Amino acid sequence: MSKKYEYDPLTSLEELDNRVVSLASERWDLMKVIGTHFRKLRTEAGLSTCDISKRMKCSRPYISDLELGRRTWSQNSIIAYQKALKKQ
């Protein structure tokens, strides 16, 4: 989970850089976890990225990027993906 940091004017630039890198890494890890979960659900449902992209009305590379954690999952993309999984 993300940690909250208070601003301290005496904090060194190096320490701030380390915090930024840590937070970015946590965010990237979260995007990968969400993507991996949805990819697993998709494959268990016997669907391809092409199937999901057609149901979501977006490109196949967009779906691939979401599943690989290269793009940020928004609330809208999560809901759209869930709906796409449920369509028959």
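A residue counts as buried under 20% relative accessible area, as exposed over 50%, and as partly exposed in between (1.4 Å probe, protein chains only). By that rule W73 is buried, at 6% relative accessibility. The model is predicted, so local features need pLDDT of at least 70 and side-chain atom pairs pLDDT 80 or more, while totals for chains, interfaces and linings use all residues. Residues are numbered from 1 along each chain as its sequence is written, and side-chain values use heavy atoms, without hydrogens and water.

Let us turn to helix α4, residues 75-86. Helices (H or I, at least four residues) are DSSP runs, numbered from the N terminus. The 12 residues of α4 reach 17 Å from first C-alpha to last, close to the 16 Å expected at 1.5 Å a residue; that expectation is 1.5 Å times one less than the number of residues. S77, Y81, A84 and L85 of α4 are buried. They share one side of the helix, because their arc around the axis is only 100 degrees, taken from the directions from the axis to the C-beta atoms. On the other side, Q75, N76, K83 and K86 are exposed.

Now for the rings. Rings of Phe, Tyr and Trp (its six-membered ring) pair if their centres lie within 6.5 Å; planes under 30 degrees apart are stacked, over 60 edge-to-face, and the rest tilted.

| Pair | Centres | Planes | Kind |
|---|---|---|---|
| F38 and Y81 | 4.6 Å | 50 degrees | tilted |
| W73 and Y81 | 5.6 Å | 65 degrees | edge-to-face |

F38 lies in helix α1 (residues 13-44) and Y81 in α4, so their pair ties together parts 43 residues apart in sequence. F38 is buried at 5% relative accessible area, and Y81 at 0%. F38, W73 and Y81 form one aromatic cluster.

Conventions
Helix = DSSP H or I, 4+ residues; strand = E, 2+ residues; numbered from the N terminus.
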